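Please keep the sequence and the structure open while you read these notes.

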Amino acid sequence: MSKLAISGGTKAVKDGTIKAWPPIDDIDREMVMASLNGGSHAFGPNCAAFQTEYAAWNGNKYAITTNSGTAALHMGLVACGVGAGDHVLVTAYSWSSSATCILHHNAIPIFVDIDFDTINMDVNKIEAAITPKTKAIIVVHLHGLMVDMDKVLAIAKKHNLKVIEDACQAHGALFHNRKAGTFGDCAAFSFNQNKCLCSGEGGMFVTNDEKIRDLAAQVWSFGETRTPLESRDYHAYALGWMYRNNDLTAAFGRAQLTKMDKYFKIQRENGALLNKRLTGLKGLILPYEPENHAHNWYNYTSRIDMDAIGWKGDPAAMRNAIMNALRAEGVPVGVWQSFILPDMTVFKAKNAYGKGCPWSCNGAGDGVVYDPTQYPAANRHCATHFGMTTPLRAPNGAETVEMVADGFQKVFGNIDQIDPDKILK
Ligand SMILES: Cc1ncc(COP(=O)(O)O)c(C=O)c1O
(Lines give C-alpha, C1' and ligand atoms only; values in the text may rest on other atoms or scores of the structure.)
Protein backbone atom coordinates (compact mmCIF):
# COMPACT_ATOMS: atom_id res chain seq x y z
CA MET A 1 0.00 0.00 0.00
CA SER A 2 1.57 3.31 -1.02
CA LYS A 3 2.38 6.00 1.52
CA LEU A 4 -0.48 8.26 2.62
CA ALA A 5 -0.38 11.75 1.08
CA ILE A 6 -0.84 13.21 4.56
CA SER A 7 2.48 11.58 5.48
CA GLY A 8 4.25 12.85 2.37
CA GLY A 9 3.13 10.25 -0.22
CA THR A 10 1.72 10.98 -3.69
CA LYS A 11 -1.90 12.14 -3.96
CA ALA A 12 -4.39 9.60 -5.31
CA VAL A 13 -6.36 12.28 -7.17
CA LYS A 14 -4.10 14.52 -9.23
CA ASP A 15 -4.68 18.27 -8.88
CA GLY A 16 -7.09 19.60 -11.51
CA THR A 17 -8.76 16.21 -12.06
CA ILE A 18 -12.15 16.97 -10.53
CA LYS A 19 -14.20 19.31 -12.70
CA ALA A 20 -16.55 21.88 -11.17
CA TRP A 21 -20.32 21.61 -11.03
CA PRO A 22 -22.38 22.44 -13.04
CA PRO A 23 -20.89 22.03 -16.51
CA ILE A 24 -21.66 25.13 -18.58
CA ASP A 25 -22.01 24.84 -22.35
CA ASP A 26 -23.42 26.79 -25.31
CA ILE A 27 -27.02 25.89 -24.42
CA ASP A 28 -26.61 27.72 -21.08
CA ARG A 29 -24.84 30.67 -22.68
CA GLU A 30 -27.41 31.06 -25.45
CA MET A 31 -30.47 30.79 -23.23
CA VAL A 32 -29.15 33.14 -20.55
CA MET A 33 -28.00 35.70 -23.14
CA ALA A 34 -31.39 35.50 -24.91
CA SER A 35 -33.08 36.31 -21.61
CA LEU A 36 -30.66 39.18 -20.97
CA ASN A 37 -31.33 40.57 -24.43
CA GLY A 38 -35.08 40.17 -23.99
CA GLY A 39 -37.25 42.84 -22.45
CA SER A 40 -38.58 40.96 -19.43
CA HIS A 41 -36.31 40.53 -16.43
CA ALA A 42 -38.77 39.90 -13.61
CA PHE A 43 -41.27 37.00 -13.96
CA GLY A 44 -40.84 36.62 -17.72
CA PRO A 45 -41.41 34.08 -20.49
CA ASN A 46 -38.57 31.83 -19.30
CA CYS A 47 -40.32 31.52 -15.92
CA ALA A 48 -43.57 30.40 -17.52
CA ALA A 49 -41.75 27.97 -19.81
CA PHE A 50 -39.63 26.62 -16.93
CA GLN A 51 -42.79 25.78 -14.98
CA THR A 52 -44.35 23.90 -17.91
CA GLU A 53 -41.13 22.06 -18.76
CA TYR A 54 -40.29 21.10 -15.18
CA ALA A 55 -43.84 19.82 -14.55
CA ALA A 56 -43.59 17.71 -17.72
CA TRP A 57 -40.10 16.39 -16.84
CA ASN A 58 -41.06 15.47 -13.29
CA GLY A 59 -44.55 14.17 -13.99
CA ASN A 60 -46.65 16.79 -12.18
CA LYS A 61 -49.70 18.67 -13.40
CA TYR A 62 -48.63 22.03 -11.99
CA ALA A 63 -45.37 23.78 -11.15
CA ILE A 64 -44.60 27.24 -9.77
CA THR A 65 -41.07 28.61 -10.10
CA THR A 66 -39.77 30.17 -6.88
CA ASN A 67 -36.71 32.03 -5.65
CA SER A 68 -35.75 29.14 -3.32
CA GLY A 69 -36.62 25.65 -2.18
CA THR A 70 -37.46 27.06 1.25
CA ALA A 71 -40.09 29.33 -0.33
CA ALA A 72 -41.63 26.30 -2.05
CA LEU A 73 -41.75 24.42 1.27
CA HIS A 74 -43.49 27.32 3.00
CA MET A 75 -45.99 27.58 0.13
CA GLY A 76 -46.71 23.87 0.46
CA LEU A 77 -47.46 24.07 4.17
CA VAL A 78 -49.88 26.95 3.70
CA ALA A 79 -51.54 25.34 0.69
CA CYS A 80 -52.04 22.15 2.72
CA GLY A 81 -53.95 24.13 5.34
CA VAL A 82 -51.28 24.17 8.06
CA GLY A 83 -51.73 27.15 10.37
CA ALA A 84 -50.71 28.66 13.69
CA GLY A 85 -50.25 26.08 16.43
CA ASP A 86 -50.65 23.01 14.19
CA HIS A 87 -48.08 20.26 14.58
CA VAL A 88 -46.01 19.10 11.59
CA LEU A 89 -43.79 16.01 11.67
CA VAL A 90 -40.33 16.29 10.19
CA THR A 91 -37.08 14.34 10.31
CA ALA A 92 -34.55 15.10 13.06
CA TYR A 93 -31.69 15.41 10.57
CA SER A 94 -31.86 17.70 7.56
CA TRP A 95 -31.20 21.18 6.31
CA SER A 96 -32.49 23.77 8.81
CA SER A 97 -35.26 25.07 6.56
CA SER A 98 -36.90 21.63 6.24
CA ALA A 99 -38.13 22.52 9.74
CA THR A 100 -37.89 26.33 10.00
CA CYS A 101 -40.41 26.54 7.12
CA ILE A 102 -42.93 25.20 9.68
CA LEU A 103 -42.11 28.09 12.01
CA HIS A 104 -42.56 30.50 9.09
CA HIS A 105 -46.27 29.81 9.37
CA ASN A 106 -46.27 29.80 13.16
CA ALA A 107 -46.78 26.03 13.29
CA ILE A 108 -44.81 23.63 15.49
CA PRO A 109 -42.20 21.13 14.27
CA ILE A 110 -42.27 17.68 15.89
CA PHE A 111 -39.09 15.74 15.17
CA VAL A 112 -38.86 12.06 14.29
CA ASP A 113 -35.53 10.22 14.60
CA ILE A 114 -33.86 8.90 11.45
CA ASP A 115 -33.37 5.34 10.32
CA PHE A 116 -29.57 5.01 10.52
CA ASP A 117 -29.29 2.93 7.34
CA THR A 118 -31.17 5.25 4.97
CA ILE A 119 -30.49 8.51 6.92
CA ASN A 120 -34.15 9.37 6.26
CA MET A 121 -37.01 9.79 8.73
CA ASP A 122 -37.67 6.43 10.40
CA VAL A 123 -41.08 5.55 9.01
CA ASN A 124 -41.62 3.12 11.89
CA LYS A 125 -41.43 6.01 14.39
CA ILE A 126 -43.91 8.33 12.66
CA GLU A 127 -47.10 7.10 14.31
CA ALA A 128 -45.74 7.51 17.84
CA ALA A 129 -45.07 11.18 17.12
CA ILE A 130 -48.59 12.00 15.91
CA THR A 131 -50.66 14.19 18.27
CA PRO A 132 -54.27 15.41 17.94
CA LYS A 133 -52.80 18.66 16.59
CA THR A 134 -50.77 17.01 13.80
CA LYS A 135 -51.79 18.24 10.35
CA ALA A 136 -48.96 17.24 8.02
CA ILE A 137 -45.73 15.33 7.51
CA ILE A 138 -42.74 16.81 5.71
CA VAL A 139 -40.74 13.93 4.26
CA VAL A 140 -37.20 14.85 3.26
CA HIS A 141 -35.63 12.64 0.58
CA LEU A 142 -32.19 13.22 2.03
CA HIS A 143 -29.05 13.23 -0.10
CA GLY A 144 -31.08 11.95 -3.07
CA LEU A 145 -32.57 8.78 -1.55
CA MET A 146 -36.35 8.71 -1.34
CA VAL A 147 -38.27 7.88 1.81
CA ASP A 148 -40.43 4.72 1.62
CA MET A 149 -43.52 6.56 0.37
CA ASP A 150 -45.78 3.48 0.53
CA LYS A 151 -45.45 3.50 4.32
CA VAL A 152 -45.72 7.30 4.65
CA LEU A 153 -48.84 7.51 2.49
CA ALA A 154 -50.53 4.66 4.38
CA ILE A 155 -49.93 6.43 7.73
CA ALA A 156 -51.06 9.77 6.30
CA LYS A 157 -54.27 8.23 5.00
CA LYS A 158 -54.99 6.52 8.31
CA HIS A 159 -54.52 9.76 10.31
CA ASN A 160 -55.83 12.18 7.68
CA LEU A 161 -52.54 14.05 7.31
CA LYS A 162 -51.18 16.00 4.36
CA VAL A 163 -47.79 14.99 2.94
CA ILE A 164 -45.27 17.55 1.72
CA GLU A 165 -42.17 16.16 0.00
CA ASP A 166 -38.95 18.07 0.60
CA ALA A 167 -37.36 16.97 -2.66
CA CYS A 168 -34.79 19.78 -2.55
CA GLN A 169 -31.97 17.22 -2.95
CA ALA A 170 -33.87 14.54 -4.85
CA HIS A 171 -34.17 15.59 -8.50
CA GLY A 172 -34.74 12.46 -10.55
CA ALA A 173 -34.58 10.06 -7.58
CA LEU A 174 -37.02 7.17 -7.92
CA PHE A 175 -39.20 5.00 -5.70
CA HIS A 176 -40.88 2.13 -7.59
CA ASN A 177 -39.75 3.91 -10.76
CA ARG A 178 -41.72 7.06 -9.90
CA LYS A 179 -39.96 10.37 -9.42
CA ALA A 180 -39.59 12.26 -6.15
CA GLY A 181 -42.22 14.98 -5.93
CA THR A 182 -45.03 12.91 -7.42
CA PHE A 183 -46.23 11.09 -4.28
CA GLY A 184 -47.29 13.69 -1.73
CA ASP A 185 -49.91 16.44 -1.86
CA CYS A 186 -47.15 18.73 -3.09
CA ALA A 187 -43.35 18.98 -3.17
CA ALA A 188 -40.47 21.45 -3.13
CA PHE A 189 -37.24 21.38 -5.16
CA SER A 190 -34.17 23.58 -4.75
CA PHE A 191 -31.94 24.75 -7.60
CA ASN A 192 -29.10 26.30 -5.64
CA GLN A 193 -25.45 26.02 -6.65
CA ASN A 194 -24.85 22.53 -5.38
CA LYS A 195 -28.12 20.88 -6.36
CA CYS A 196 -28.52 18.32 -9.15
CA LEU A 197 -30.30 21.04 -11.10
CA CYS A 198 -28.43 24.29 -10.55
CA SER A 199 -29.77 27.69 -11.58
CA GLY A 200 -27.61 29.60 -9.10
CA GLU A 201 -30.46 29.93 -6.60
CA GLY A 202 -34.14 29.12 -7.04
CA GLY A 203 -36.70 26.41 -6.54
CA MET A 204 -39.89 24.79 -7.80
CA PHE A 205 -43.20 24.03 -6.15
CA VAL A 206 -45.06 21.08 -7.73
CA THR A 207 -48.47 19.51 -7.19
CA ASN A 208 -51.22 17.67 -9.04
CA ASP A 209 -53.98 19.41 -7.10
CA GLU A 210 -55.44 22.55 -8.63
CA LYS A 211 -56.71 23.94 -5.32
CA ILE A 212 -53.30 23.43 -3.68
CA ARG A 213 -51.65 25.10 -6.68
CA ASP A 214 -53.94 28.15 -6.36
CA LEU A 215 -53.38 28.52 -2.61
CA ALA A 216 -49.62 28.16 -3.07
CA ALA A 217 -49.70 30.82 -5.79
CA GLN A 218 -51.29 33.26 -3.33
CA VAL A 219 -48.46 32.82 -0.86
CA TRP A 220 -45.93 33.08 -3.71
CA SER A 221 -46.96 36.49 -4.98
CA PHE A 222 -48.18 39.02 -2.41
CA GLY A 223 -51.41 37.16 -1.63
CA GLU A 224 -52.77 37.89 -5.10
CA THR A 225 -54.85 35.17 -6.69
CA ARG A 226 -53.60 35.92 -10.19
CA THR A 227 -50.23 34.98 -11.67
CA PRO A 228 -47.99 37.83 -12.79
CA LEU A 229 -48.55 36.87 -16.43
CA GLU A 230 -52.27 37.52 -16.18
CA SER A 231 -53.63 41.01 -15.67
CA ARG A 232 -53.17 41.87 -12.03
CA ASP A 233 -55.44 43.89 -9.80
CA TYR A 234 -52.71 44.40 -7.18
CA HIS A 235 -55.07 43.29 -4.47
CA ALA A 236 -53.85 41.21 -1.55
CA TYR A 237 -56.55 38.58 -1.04
CA ALA A 238 -54.54 36.66 1.53
CA LEU A 239 -51.27 36.85 3.43
CA GLY A 240 -48.55 36.49 0.83
CA TRP A 241 -44.80 36.79 0.41
CA MET A 242 -42.63 37.59 -2.60
CA TYR A 243 -41.32 34.17 -3.62
CA ARG A 244 -41.29 34.62 -7.40
CA ASN A 245 -38.37 33.70 -9.64
CA ASN A 246 -36.82 35.98 -12.29
CA ASP A 247 -36.31 35.42 -16.00
CA LEU A 248 -32.49 35.13 -16.07
CA THR A 249 -32.43 32.47 -13.37
CA ALA A 250 -35.26 30.58 -15.05
CA ALA A 251 -33.40 30.68 -18.38
CA PHE A 252 -30.38 29.08 -16.69
CA GLY A 253 -32.63 26.49 -15.04
CA ARG A 254 -34.32 25.66 -18.36
CA ALA A 255 -30.94 25.18 -20.03
CA GLN A 256 -29.79 22.82 -17.27
CA LEU A 257 -33.09 20.93 -17.41
CA THR A 258 -32.38 19.92 -21.02
CA LYS A 259 -29.38 17.99 -19.66
CA MET A 260 -30.95 16.47 -16.53
CA ASP A 261 -31.50 12.97 -17.91
CA LYS A 262 -27.90 12.82 -19.08
CA TYR A 263 -26.65 14.07 -15.69
CA PHE A 264 -28.79 11.53 -13.84
CA LYS A 265 -27.38 8.67 -15.92
CA ILE A 266 -23.81 9.82 -15.24
CA GLN A 267 -24.48 10.14 -11.49
CA ARG A 268 -26.00 6.65 -11.42
CA GLU A 269 -23.01 5.17 -13.26
CA ASN A 270 -20.49 7.00 -11.07
CA GLY A 271 -22.32 5.98 -7.88
CA ALA A 272 -22.45 2.33 -8.96
CA LEU A 273 -18.75 2.29 -9.79
CA LEU A 274 -17.79 3.88 -6.48
CA ASN A 275 -19.97 1.42 -4.56
CA LYS A 276 -18.30 -1.46 -6.36
CA ARG A 277 -14.80 -0.19 -5.64
CA LEU A 278 -15.44 0.61 -1.97
CA THR A 279 -17.48 -2.44 -0.96
CA GLY A 280 -15.73 -4.37 1.81
CA LEU A 281 -13.40 -1.60 3.03
CA LYS A 282 -13.00 -2.16 6.77
CA GLY A 283 -14.38 0.72 8.81
CA LEU A 284 -16.45 2.30 6.04
CA ILE A 285 -20.26 2.14 6.09
CA LEU A 286 -21.31 2.81 2.51
CA PRO A 287 -24.54 4.60 1.54
CA TYR A 288 -27.48 2.23 1.33
CA GLU A 289 -29.88 1.96 -1.58
CA PRO A 290 -32.86 -0.23 -0.62
CA GLU A 291 -34.73 -2.28 -3.22
CA ASN A 292 -37.17 -0.31 -5.39
CA HIS A 293 -35.19 2.90 -4.90
CA ALA A 294 -32.90 4.74 -7.31
CA HIS A 295 -30.56 7.17 -5.54
CA ASN A 296 -29.53 10.27 -7.49
CA TRP A 297 -26.22 10.36 -5.53
CA TYR A 298 -26.65 14.07 -4.80
CA ASN A 299 -24.42 13.52 -1.81
CA TYR A 300 -22.47 10.27 -1.48
CA THR A 301 -22.58 9.99 2.31
CA SER A 302 -20.58 7.37 4.21
CA ARG A 303 -20.15 6.70 7.92
CA ILE A 304 -17.18 5.41 9.89
CA ASP A 305 -17.75 2.17 11.78
CA MET A 306 -15.83 3.04 14.95
CA ASP A 307 -16.15 -0.49 16.40
CA ALA A 308 -14.71 -2.04 13.24
CA ILE A 309 -11.61 0.14 13.43
CA GLY A 310 -11.31 -0.27 17.20
CA TRP A 311 -11.64 3.44 18.00
CA LYS A 312 -12.92 4.14 21.51
CA GLY A 313 -12.37 7.91 21.62
CA ASP A 314 -14.48 10.80 20.31
CA PRO A 315 -16.05 9.58 17.04
CA ALA A 316 -16.11 13.05 15.50
CA ALA A 317 -12.36 13.46 16.18
CA MET A 318 -11.57 10.20 14.34
CA ARG A 319 -14.00 11.06 11.52
CA ASN A 320 -12.32 14.47 11.10
CA ALA A 321 -8.85 12.92 11.05
CA ILE A 322 -9.94 10.43 8.36
CA MET A 323 -11.44 13.30 6.36
CA ASN A 324 -8.17 15.22 6.57
CA ALA A 325 -6.31 12.17 5.26
CA LEU A 326 -8.81 11.82 2.38
CA ARG A 327 -8.55 15.51 1.53
CA ALA A 328 -4.77 15.20 1.44
CA GLU A 329 -5.32 12.46 -1.19
CA GLY A 330 -7.33 15.00 -3.22
CA VAL A 331 -10.73 13.49 -2.31
CA PRO A 332 -13.10 16.43 -1.60
CA VAL A 333 -15.06 15.18 1.41
CA GLY A 334 -16.87 17.28 3.99
CA VAL A 335 -19.26 17.15 6.91
CA TRP A 336 -22.75 18.13 5.81
CA GLN A 337 -24.80 19.11 8.91
CA SER A 338 -22.92 18.84 12.19
CA PHE A 339 -26.01 19.57 14.31
CA ILE A 340 -29.20 17.54 14.37
CA LEU A 341 -32.25 19.78 14.02
CA PRO A 342 -33.52 19.48 17.63
CA ASP A 343 -30.04 20.64 18.71
CA MET A 344 -30.31 23.90 16.76
CA THR A 345 -30.87 26.97 18.93
CA VAL A 346 -33.95 28.17 17.06
CA PHE A 347 -35.79 25.05 18.27
CA LYS A 348 -34.04 24.35 21.59
CA ALA A 349 -34.59 27.94 22.75
CA LYS A 350 -38.05 28.08 21.10
CA ASN A 351 -36.88 31.18 19.38
CA ALA A 352 -39.35 31.84 16.54
CA TYR A 353 -41.76 34.79 16.21
CA GLY A 354 -41.00 35.84 19.75
CA LYS A 355 -43.10 36.17 22.89
CA GLY A 356 -43.18 32.37 23.02
CA CYS A 357 -45.13 31.86 19.77
CA PRO A 358 -46.05 29.44 18.33
CA TRP A 359 -45.48 27.15 21.34
CA SER A 360 -47.24 29.38 23.90
CA CYS A 361 -50.28 30.30 21.76
CA ASN A 362 -53.42 28.65 23.16
CA GLY A 363 -51.33 25.84 24.67
CA ALA A 364 -50.34 24.66 21.17
CA GLY A 365 -46.88 23.66 22.34
CA ASP A 366 -47.81 22.05 25.66
CA GLY A 367 -45.69 18.95 26.08
CA VAL A 368 -43.43 19.76 23.13
CA VAL A 369 -39.83 19.40 24.31
CA TYR A 370 -36.77 19.56 22.07
CA ASP A 371 -34.30 17.24 23.75
CA PRO A 372 -31.44 16.36 21.36
CA THR A 373 -30.65 13.17 23.28
CA GLN A 374 -33.99 11.67 22.15
CA TYR A 375 -32.66 11.07 18.61
CA PRO A 376 -29.88 8.46 18.97
CA ALA A 377 -29.72 7.43 15.31
CA ALA A 378 -29.47 11.04 14.12
CA ASN A 379 -26.75 11.75 16.70
CA ARG A 380 -24.74 8.67 15.71
CA HIS A 381 -24.98 9.66 12.06
CA CYS A 382 -24.01 13.24 12.79
CA ALA A 383 -20.80 12.32 14.59
CA THR A 384 -19.60 9.69 12.13
CA HIS A 385 -20.63 10.86 8.64
CA PHE A 386 -18.88 12.59 5.81
CA GLY A 387 -20.08 13.25 2.28
CA MET A 388 -18.95 14.04 -1.20
CA THR A 389 -20.73 15.62 -4.18
CA THR A 390 -18.68 16.90 -7.13
CA PRO A 391 -16.68 13.81 -8.17
CA LEU A 392 -19.92 11.96 -8.93
CA ARG A 393 -21.37 14.73 -11.07
CA ALA A 394 -20.91 15.41 -14.77
CA PRO A 395 -18.57 16.05 -16.47
CA ASN A 396 -16.62 13.77 -14.10
CA GLY A 397 -16.74 10.13 -15.14
CA ALA A 398 -15.19 6.73 -14.48
CA GLU A 399 -11.58 7.94 -14.62
CA THR A 400 -12.16 10.46 -11.82
CA VAL A 401 -14.20 7.98 -9.76
CA GLU A 402 -11.41 5.39 -10.01
CA MET A 403 -8.90 7.90 -8.61
CA VAL A 404 -11.28 8.87 -5.81
CA ALA A 405 -11.75 5.16 -5.00
CA ASP A 406 -7.95 4.77 -4.90
CA GLY A 407 -7.84 7.60 -2.34
CA PHE A 408 -10.42 5.84 -0.14
CA GLN A 409 -8.57 2.53 -0.45
CA LYS A 410 -5.28 4.11 0.55
CA VAL A 411 -6.74 5.78 3.62
CA PHE A 412 -8.85 2.85 4.81
CA GLY A 413 -6.06 0.41 3.98
CA ASN A 414 -3.77 2.41 6.28
CA ILE A 415 -6.37 3.22 8.91
CA ASP A 416 -3.98 2.19 11.71
CA GLN A 417 -1.83 5.18 10.79
CA ILE A 418 -4.66 7.68 11.32
CA ASP A 419 -4.17 9.24 14.71
CA PRO A 420 -6.56 12.12 15.49
CA ASP A 421 -4.13 13.59 18.04
CA LYS A 422 -1.45 13.96 15.37
CA ILE A 423 -3.49 14.64 12.24
CA LEU A 424 -5.67 17.32 13.81
CA LYS A 425 -2.68 19.28 15.06
C1 LIG B 1 -33.13 19.09 2.23
C2 LIG B 1 -33.20 20.55 1.90
N3 LIG B 1 -34.34 21.21 2.15
C4 LIG B 1 -34.46 22.52 1.86
C5 LIG B 1 -33.43 23.23 1.30
C6 LIG B 1 -33.62 24.68 1.02
O7 LIG B 1 -33.44 25.01 -0.32
P8 LIG B 1 -33.03 26.51 -0.69
O9 LIG B 1 -31.62 26.71 -0.26
O10 LIG B 1 -33.20 26.57 -2.18
O11 LIG B 1 -33.99 27.39 0.02
C12 LIG B 1 -32.21 22.59 1.03
C13 LIG B 1 -31.04 23.24 0.42
O14 LIG B 1 -30.49 24.18 0.72
C15 LIG B 1 -32.09 21.22 1.36
O16 LIG B 1 -30.94 20.57 1.13
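1. This is a predicted model. In the shell around the ligand, α3 (69-79) and α4 (97-104) each supply at least two residues.

2. The ligand has 14 residues around it, and those that come nearest are Ser-68, Gly-69, Thr-70, Cys-168 and Ser-190. By residue type, the shell around the ligand divides into 10 polar, 3 nonpolar and 1 charged.

3. How do α3 and α4 lie to each other? Their axes come within 9 Å and cross at roughly 50°. Angles from 65 to 115 degrees count as roughly perpendicular and those under 35 as roughly parallel, so α3 and α4 are oblique to each other. The crossing in which α3 passes α4 is right-handed.

4. Thr-70, Leu-73, His-74 and Leu-77 are the residues of α3 that meet α4, where Ser-97, Cys-101, Ile-102 and His-104 take part. This contact of α3 with α4 divides into 4 nonpolar and 4 polar residues, with no charged ones.

5. The domain assignment gives the chain two parts: domain 1 (5-22 + 260-337 + 379-423) and domain 2 (26-259). The C-alpha centres of domain 1 and domain 2 are 29 Å apart.

6. Where the domains touch, 23 residues of domain 1 are in contact with 27 residues of domain 2. On the domain 1 side, α9 (260-278), β11 (293-294) and α12 (376-384) each supply at least two residues. The largest share of that side, 4 residues, comes from α9. The residues on the side of domain 1 that touches domain 2 divide into 11 nonpolar, 9 polar and 3 charged.

Methods: Residues numbered from 1 in each chain as written. Predicted model: local features only at pLDDT ≥ 70, side-chain atom pairs only at ≥ 80, totals over all residues. Near = placed C-beta within 6 Å. Nonpolar A, V, L, I, M, F, W, Y, C, P; charged D, E, K, R; others polar. Domains from an automatic or database assignment. Contact = placed C-beta atoms within 7 Å. Axes fitted to C-alpha atoms, helices over the stretch in contact; angles between N-to-C directions. Parallel < 35°, antiparallel > 145°, perpendicular 65-115°, else oblique. Left-handed = near helix turned anticlockwise from the far one by under 90°.
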